[in-house]
Amino acid sequence: MTATPNEPVPGSGDAAVQAAAERAELTRHRNVPEFDDLPGAGDTANLRLGPDLNDACLSLLPLVGVWRGEGEANHPSLPEPYRFVQQITLAHDGRPFLVYESRAWRLDGEGGSVVGPAFREYGFWRPQADDTIELLLVHEAGVIEMFFGSPRNQTTWEFGTDAVLRTPTGDDVTAANRLYGVVDGALAYVEERATAEHELQPRLSAKLDRVAG
């Protein structure tokens, strides 16, 4: 197939850039909501707005934004598999870390109606000078995980737990791995979890579209 002048060839770098620009038309004006009377700069999930991204976070630049989509939870520790809709926010305030927030709601099936909350996570991505990344996550289920990881390439990041803390009533978690990737403008991830009774195996997976940033 011969492309007409100024028309990018499908699969080419120019086509990828054009596709990214078209996606940005829908999200570039959106950001995380903030009060306008904060004593300092608020968080931003939009690289066009707010403070400049710290140089230490440049390897995480593709992740900055607000992402929404559907995923699946399926693990022997769960009573049953279920689908969920999720929003992940990765924002910054100009300092050398990203702020992470995840909220998920359980669905009654693929593309179905929301039946209630599923899970929540908060944390920080802390890139280091040696190219490693510290990932700290706190779960509403009484679990705190400390991951160490590094980029696989410019758009993929892999992590494994170094320590897991649980409250006396917290979920049974002994170890976890996570793999994140930005593919064709979407954020995809897989989480593996181990418990006292089960070795590491996939538990969560999702593909999320950018809605802000």
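**Exercise 1. Find which residues are linked in a network of salt bridges.**

Solution. 
Step 1. Name the members. E121, R178, E191, R193 and R203 form the network. The structure holds 10 salt bridges.

This is a predicted model, where local features need pLDDT of at least 70, side-chain atom pairs count only at pLDDT 80 or more, and totals for chains, interfaces and linings use all residues. Residues are numbered from 1 along each chain as its sequence is written, and side-chain values use heavy atoms, with hydrogens and water left out.

**Exercise 2. Describe the salt bridge of E191 with R178.**

Solution. 
Step 1. Take the distance. The closest N and O atoms of E191 and R178 are 3.3 Å apart.
Step 2. E191 sits in strand β9 and R178 in strand β8 (residues 175-183), 13 residues apart. Strands (E, at least two residues) are DSSP runs, as are helices (H or I, at least four), numbered from the N terminus.
Step 3. Check burial. E191 and R178 are both buried. Buried means under 20% relative accessible area, exposed over 50%, partly exposed in between (1.4 Å probe, protein chains only).

**Exercise 3. Is R193 buried or exposed, and how does R193 meet E191?**

Solution. 
Step 1. R193 has a relative accessible area of 5%, so R193 is buried.
Step 2. For E191 the value is 0%, so E191 is buried.
Step 3. Their side chains meet in a salt bridge, 3.8 Å from N to O.

**Exercise 4. Work out what the salt bridge of E70 with R83 ties together.**

Solution. 
Step 1. The closest N and O atoms of E70 and R83 are 3.4 Å apart.
Step 2. E70 lies in strand β1 (residues 65-73) and R83 in strand β2 (residues 82-91), so the pair ties together parts that are 13 residues apart in sequence.
Step 3. E70 counts as partly exposed because its relative accessibility is 28%. R83, at 23%, counts as partly exposed.

Conventions: Salt bridge = Lys/Arg side-chain N within 4 Å of Asp/Glu carboxyl O.
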